[in-house]
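Reader: I have a structure to read and would like to go through it by question and answer. Please show it to me.

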Amino acid sequence: MFDITPIPAFADNYIWLLKSERSPEVAVVDPGDAAPVLERLRREQLSLGAILITHHHRDHTGGISRLKAAFPNSRVYGPAHETIPEITDPLSEGGEIQLPWQGDSLRVFDMPGHTAGHIAYVGDGLLFCGDLLFAGGCGRVFDGTMAQMAASLQRIAQLPAETLLYCAHEYTLDNLGFAHWVEPENQAIQERQRSTQTARQQGKPTVPSLLSLELKTNPFLRTRIPVVIAAAERWAGESLNGNVARFTALRMWKDRDYD
Ligand code: ZN
Ligand code: FE
């Protein structure tokens, strides 16, 4: 096992720092900015062995070149199907990486939707999911498709319920506001809104989140629940057949009327 802590960046990004007591070499996930990472490494006297990238957006890749300049031997892992020039080890479905210390590895899932080549890193009971799923919500669909996004989210839903989801942004409170629009009667959502508000007032991150809680409160994982289907159909003004149509209506509803 290894330690995972967030390095806050920009207004609401989390860069995940992975370290083990077995080595002074660490890994970071999605360093959009190098400065807070370099600062943390300096303070804890760590060196960088690996950079893991989920997708090509600048707020996830912007720090790579400066980090690589500071630690020229570090590996840069990232999606094979996106153009990120600094990548040394392109990865896709079925790939596996060794963390910079003995005995821990992560596997790779293709999880397109937010972007067309988005990947996620899967470990023992955890998932680094980039901008695919957020606590209480999901990423917007940019260069992927609604069908891809719906399928990737369904794949997350199939993981063990105790899986910890390490996403890249602190959007939880905002997302739960939309979840409450979709399901005004859902007690678990209301409870989560309260606990999230408290955590944020205390300056605490609300990520990682537990998949079991997402399954109860995240509308984008609940597209098979009758109340959610009914709400999506009300918004769309027509009956929606199949998971993709229901997901698409929810995503468009949030994009157009909520955000
Ligand atoms: Zn993104
Ligand atoms: Fe992002």
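Reader: Which residue bridges the zinc ion (ligand 1) and the iron ion (ligand 2)?

Author: This is a predicted model, in which local features need pLDDT of at least 70, side-chain atom pairs count only at pLDDT 80 or more, and totals for chains, interfaces and linings use all residues. Residues are numbered from 1 along each chain as its sequence is written, chains are lettered from A and ligands numbered from 1 in the order in which they are written, and side-chain values use heavy atoms, with hydrogens and water left out. The zinc ion (ligand 1) and the iron ion (ligand 2) lie 3.3 Å apart, and the residue that bridges them is Asp131.

Reader: Which residues coordinate the zinc ion (ligand 1)?

Author: A donor is an N, O or S atom within 2.8 Å of the metal (3.2 Å for Na, K and Ca); water is not among the atoms, so sites may look incomplete. The donors of the zinc ion (ligand 1) are spaced H-x1-H-x56-H-x16-D along the chain. At 2.2 to 2.3 Å, they belong to His55 (NE2), His57 (ND1), His114 (NE2) and Asp131 (OD).

Reader: What is the arrangement of the 4 donor atoms around the zinc ion (ligand 1)?

Author: Four donors are tetrahedral if all angles lie between 85 and 135 degrees; four are square planar and six octahedral if opposite donors are over 155 degrees apart and all others between 65 and 115; anything else is irregular. Around the zinc ion (ligand 1), the 4 donor atoms subtend angles of 85 to 171°, so the arrangement is irregular.

Reader: Is His55 buried or exposed?

Author: Buried means under 20% relative accessible area, exposed over 50%, and partly exposed in between (1.4 Å probe, protein chains only). Under this rule His57 is buried, and His55 is also buried.

Reader: Which residues coordinate the iron ion (ligand 2)?

Author: Along the chain, the donors of the iron ion (ligand 2) follow the spacing D-H-x70-D-x37-H. Their angles of 84 to 165° make the arrangement of these 4 donor atoms irregular. At 2.1 to 2.3 Å, the coordinating residues are Asp59 (OD), His60 (NE2), Asp131 (OD) and His169 (NE2).

Reader: How many residues apart in sequence are the parts that Asp59 and His169 tie together?

Author: Helices (H or I, at least four residues) and strands (E, at least two) are DSSP runs, numbered from the N terminus. Asp59 lies in helix H2 (residues 58-61) and His169 in the loop between strand S13 (164-167) and helix H5 (172-182), so the pair ties together parts whose separation in sequence is 110 residues.

Reader: What is the relative accessibility of Asp59, and what is that of His169?

Author: Asp59 counts as partly exposed because its value is 23%. His169 counts as buried because its relative accessibility is 4%.

Reader: At what angle do the axes of helix H4 and helix H9 cross?

Author: Two packed helices are described by the angle between their axes and the distance between the axes. Axes are lines fitted to C-alpha atoms, for helices over the stretch in contact, and angles run from 0 to 180 degrees between N-to-C directions. The axes of H4 (residues 146-157) and H9 (residues 243-258) come within 9 Å and cross at roughly 105°.

Reader: What are H4 and H9 to each other, by that angle?

Author: Angles under 35 degrees count as roughly parallel, over 145 as roughly antiparallel, 65 to 115 as roughly perpendicular and the rest as oblique. The crossing angle is roughly 105°. H4 and H9 are therefore roughly perpendicular.

Reader: Which residues does Cys138 touch, not counting residues up to four places away in sequence?

Author: Contact means heavy atoms within 4.5 Å. Cys138 is in strand S12 (residues 137-138), and counts as buried because its relative accessible area is 3%. The residues touched by Cys138 are Leu132, Leu133, Met149, Leu153, Phe220, Phe247 and Arg251.
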